[in-house]
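Welcome to a short tour, to be followed with your viewer open. Have your selection tool ready, and we will go from stop to stop.

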Amino acid sequence: MHLARLLLPALLILLLPAAPAARAADPPVSEATAECIGCHESATPGIVEDWRRSRHSHAVPAEAIKADALSRRISAKSADGLPGTVVGCAECHTAFPEKHADTFEHNGHKVHVVVTPPDCARCHPVEREQYAGNLMANAFGNLDNNALYQDLVGSVNGFQEFAGGKLSPHAPGASAGAESCYYCHGTRVEAKGMHERETSMGTMAFPTLSGWPNGGVGRVNPDGSRGACTSCHTRHEFSIEMARKPYTCAECHKGPDVPAYLVYEASKHGNIYQAMNKSWDFKAVPWKVGKDFSAPTCASCHASLLVAGEGTVIAERTHRMNDRLALRLFGLPYAHPHPVSADTSTIRNRGGLPLPTELTGEPVASALIDAKEQEQRRAAMQKVCRACHAADWVNGQYARFEDTVKDTNAMTLSATKVLLSAWEKGVAAGPAQKGSPFDEPVEKMWVEQWLFYANSTRFASAMAGADYGVFANGRWYLSKNLRDMLGMVELESRSRGAAPPLK
Amino acid sequence: MHLARLLLPALLILLLPAAPAARAADPPVSEATAECIGCHESATPGIVEDWRRSRHSHAVPAEAIKADALSRRISAKSADGLPGTVVGCAECHTAFPEKHADTFEHNGHKVHVVVTPPDCARCHPVEREQYAGNLMANAFGNLDNNALYQDLVGSVNGFQEFAGGKLSPHAPGASAGAESCYYCHGTRVEAKGMHERETSMGTMAFPTLSGWPNGGVGRVNPDGSRGACTSCHTRHEFSIEMARKPYTCAECHKGPDVPAYLVYEASKHGNIYQAMNKSWDFKAVPWKVGKDFSAPTCASCHASLLVAGEGTVIAERTHRMNDRLALRLFGLPYAHPHPVSADTSTIRNRGGLPLPTELTGEPVASALIDAKEQEQRRAAMQKVCRACHAADWVNGQYARFEDTVKDTNAMTLSATKVLLSAWEKGVAAGPAQKGSPFDEPVEKMWVEQWLFYANSTRFASAMAGADYGVFANGRWYLSKNLRDMLGMVELESRSRGAAPPLK
Amino acid sequence: MHLARLLLPALLILLLPAAPAARAADPPVSEATAECIGCHESATPGIVEDWRRSRHSHAVPAEAIKADALSRRISAKSADGLPGTVVGCAECHTAFPEKHADTFEHNGHKVHVVVTPPDCARCHPVEREQYAGNLMANAFGNLDNNALYQDLVGSVNGFQEFAGGKLSPHAPGASAGAESCYYCHGTRVEAKGMHERETSMGTMAFPTLSGWPNGGVGRVNPDGSRGACTSCHTRHEFSIEMARKPYTCAECHKGPDVPAYLVYEASKHGNIYQAMNKSWDFKAVPWKVGKDFSAPTCASCHASLLVAGEGTVIAERTHRMNDRLALRLFGLPYAHPHPVSADTSTIRNRGGLPLPTELTGEPVASALIDAKEQEQRRAAMQKVCRACHAADWVNGQYARFEDTVKDTNAMTLSATKVLLSAWEKGVAAGPAQKGSPFDEPVEKMWVEQWLFYANSTRFASAMAGADYGVFANGRWYLSKNLRDMLGMVELESRSRGAAPPLK
């Protein structure tokens, strides 16, 4: 039996989960990155560990580009200029130093705090380009440069002082915005000089950034670029698993204005995901329908490169999130075809308002995609549906969905008419009376009609999360709120003597 | 040391997770199913993979019936007529072709689209029978054949047009219903002739189905049967794990009308489930309390066959979901003992209304289970509780719960009295005034009183999700809404001159 | 090759996940515990299995105390008096029998039903001491001994009877409280004699307990102690994994009054947790930032002992949950510095009300921690933040948060002024009119202003769950509700003739 003992070393090697001898030499880390880690391992240990778990800490772009087209994760056209080391701290935080207004001297390196899409585009140029055409990349300007939306923002975020029997509105401060709308839309981050701070390494100087911190999807960066790849590809693990799971999208798509995640959670797709995802492969590229996952997440339908088992492409990867969407469910105030340009701040309706629809519901056709483009996008999405569903199932679902878009737009129109009557009767002051359309009780009910209840009903329809769309936050409130608006207008009219008592 | 090398093959076999040589030959797939897969592998790859992961793709019913009684998953009495192949596409989609009005010729097979409970009953007759006695199997008719409920449905789903200072209701279209109430309750699916469609195999003909798609629990099928096993046993993996996890029930039990899932999530049981379930065994049959799982899911308390470690049966499997429930918490408008018959559409109270309770709260005793049956069902549930809890704990919990049922019914009665006073004072038009009881603001508040707040408070009590039942959607609103109803009646009365000003 | 066969037994031992031969003898179970298990294995199998999975069933305190300081899980100063057996049923349920008023004779043992902090303190004295200084340990008395809060509780939980056109309030019964507020705050559990009950072992006598069952954080126990360790360390697995996951805290911190969990779920931290936690180590002590987990849970920031990879302590373990919190976000009705004493029932503001702030928002400084203590607690929390975030990020986040505390307090002040005007105009009856401040519609709106909307906005700010703090339950309602309050006061005034019609 002492032979067994002789064999032990060989046996033990066999028992190791992955034989280290078979692994290639550790991929090279740049000298600059090694220096960063030298200090940050103790200064900010959490993010160093995040990075160590990341693909970036193991992948060498100049090598990674050799992978076959479907499984390649970088989209640079050639290896020229790609790092020959792993993608570490320095590869991103010291790229293009002259372009970043927040570049500063830090222990002998020209470091910038805010890594931006152009930095990522060194390896991922196609994704960056797609994303630049995404509404999300323009989310700051689309909100900030729209006077009507700014009026709404002010009515939500501004402090209201009560004195003399009246509420006087104050403009919201920067913190209020940065913590609410602009957390998701992105802030404008600008370098405003330097400041000194005590650190464990002594006094050091750092750039002073306005609008910081922020990781919003449309962040305006110190290099002038727009967007933050890290909104979805969370620092510093940049995990594709995380980006593909629905919690990432849920950070900004859970409120009643755009309750995509809540609808998903209530849907059959969400049920399957929640029950079964622990055994799915969220890292596989391309993503194999049925094999790697058995129900879609947000990413499956809206972004990922999907293939059938044998490698047939079902959907191309896109970072322009509406590539498979004909209609924009988010009512402004009506659902409408998606805008042609990702910059929507220049759209004007016939009434001169910066809205993609008239107040009567008609879309501003010139600014929106035409029927042919709508059909192409619808077809792209339906191809994804048909990976699991028969065409009749898919067509039936779409027919209902399109009915629901019409129904909910009609209910928004009814609410708009009630609001107009409120303005006419003088129970609220609208634009014609030089008032904001967002600050009085009946006006806020009108906002809820389209922003919460019509939107929620449409999302519940599109993604088949029926339970959410009835009593949780959909049709029940859509009809109740409309009736309540009328009730309030009547009551106010009578109480003001503008209408006679009924009895 | 070269002996080690000699031994390697033997060692490697030992290292394999399951020695393939020890596995039986692959179970037989029917020729018809093989043909289906031949095309559908590329036509709808997702569902073919789902099925491949399923127990159906491995189990041969004629063999599976030999398992011992507790661990058997099929309930057919004999092997006669059971498939000798695995349960594939053809075994279900071509069963009893003459009975299915949606049977059509498809590549030489008589296929039907909508697989129904009688198809499943070939192997699972006991479960089908139990489910037929379940309220859920009758959910379509119980809603569709009740004029009062239809009035409520119309007030929720119908478009309202504003003109001449008034809102005029329109009846909802089929899409609105199919996307909301009937998503869960089930639609009526009928074959309405055939239509042709281009496919990757050329032009083919398919049956045209009304009410399609749908997977609601009370679906009326083209073979006349009621229900869809796949509501909970999701196609095409039919995973018992998924049916046992709470997300399946949550698809239809999450709204404020029946917030069972939200209450569960907030409860100690839900906490344990969420934190620890990754190491539980959701596939074991029978399901061993404490060993396979350490806190109940919906299925544990309401459906599953539960045993103690040594095999003692704690609860028999049931698919009649109220077998362990004495009281129906869902107020119509008051909580009441469960109905005797799963078809509730014929119940009438003394006032002739199709409700299981009077408007004063008294149950319609003749249609509801008696005290003895209530006691038996309560005892069945308490036996489940006592697998982990001492009897005093269980009794204390039940005593509180029964108090809460009384309290919330009393709060519904108060709200009903306020509504009656509104009708009397003429500030809303009720049935006596030939109006709907569901369409005016104070009436909608009354609906919320029992449908949302009383129900939510009761569910929070029954399942000990206290935090949900206070401020989230329970007692706070139950008392606030009642006070608001009175405030509105008073305000309307005064503003209409029906009541004198107070000062 | 037959040598391979000879070697098989040795090989098989190597292949076992943990060689039993190498394991120490099974740790000793006390005779008393063995007796408990003898019956309870079949009487309550679920909890016996829970315990078998627990650390308690394997750890011998007299041995466990020898672990090094950072990884030790018990805090007794010496092994004297520590059990030399594992911690089984008897070790807790028969400890200090003379001190527990619910001790009863049970099969020859002096057993008590309600295990209390002093029982746990045998091994965990430091944690017990810390927890005694926690607001949570005083949650029963802080609610029950505060007349103002009791008025609020009554207005929420009490039945309201409608007669003669009026609603008359009734005091809530014990069940209503135990199922709502006191589920989390804890009940007063008292032994009220004995009762007999049939069991599978024949008729047995058990103590009758008032307020039972309950597992609230501030439970008053039959031994006079306060708190229940099992609120968070759930019986009978007492899993540190469960206590560290956010679902435990969510049991009581999910409603709109204190929506910490919902905010967390919407935050980047919550996103990372939800997507990635399946591969984290929730059992490691100490808890290594970045290695064991890559985003904080509630426990990480508020309770756990955290170290950097190399063992540097980032935060000391604490069971006084506000040790790292300067400000109490929970408005009463304004956010304020944390109270000095965990017993807040004796605090009085200048108006004599049992509140930590004046109605104008000024804190009752004498009862609250001073600026220096605030700074220390803020620094303790920021040190946790800085394990992953640069100081500028942390400082920026805190600056916004402190602005938001001011903003939301200001919006509460505006609402309070509107309420005062309502009382002055006689459209509601406040304390000066001998009315409750909580029972009329405009008063309930005022409660929602601070209890729901200001609190929610602050939690969303503190934990960066922006989406929750805008439309889900934050700033939108904070501004809408304030405007609605004024609208209601004006409408009521006009309708009562207290104000002239506007036209």
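Start by selecting R197(A) and D392(C): these two form a salt bridge, with their closest N and O atoms 3.0 Å apart. Keep in mind throughout that this is a predicted model.

Now widen the view to the whole boundary. Eight salt bridges are found across the interface of chain C and chain A, along with 25 residue pairs in polar contact, both partners at pLDDT 80 or more.

Which helix of chain C gives the most to the side that touches chain A? Select helix 18 (391-425): with 18 residues, helix 18 makes the top contribution to that side. Other helices of chain C that each supply at least two residues there include helix 1 (2-15), helix 14 (260-266) and helix 21 (475-495). Colour this side of chain C by residue class, and you will find 34 nonpolar, 14 polar and 19 charged residues.

Next, show both partners together: 67 residues of chain C are in contact with 79 of chain A. About 6,300 Å² is buried between the two chains, 61% of it from carbon and sulfur atoms. In chain C, pick out W393(C), R400(C) and W476(C), which lose the most area to chain A and together make up 12% of what that side buries.

For the last stop, select S231(C), in the loop between strand 6 (202-210) and helix 12 (240-244) of chain C. Is S231(C) buried or exposed? S231(C) counts as buried because its relative accessibility is 9%, under the 20% cut-off. A polar atom of the S231(C) side chain lies 3.4 Å from the backbone oxygen of G216(C). Beyond its neighbours within four places in sequence, the contacts of S231(C) include T248(C), E251(C) and, from chain B, K268(B).

Conventions: Residues numbered from 1 in each chain as written. Chains lettered and ligands numbered in written order. Predicted model: local features only at pLDDT ≥ 70, side-chain atom pairs only at ≥ 80, totals over all residues. Heavy atoms only, no water. Helix = DSSP H or I, 4+ residues; strand = E, 2+ residues; numbered from the N terminus. Buried < 20%, exposed > 50% of the residue type's maximum accessible area, 1.4 Å probe, protein only. Polar contact = N/O pair within 3.5 Å; in protein donor to acceptor, adjacent residues only side chain to side chain. Contact = heavy atoms within 4.5 Å. Buried area = accessible area lost by both parts, 1.4 Å probe. Salt bridge = Lys/Arg side-chain N within 4 Å of Asp/Glu carboxyl O. Nonpolar A, V, L, I, M, F, W, Y, C, P; charged D, E, K, R; others polar.
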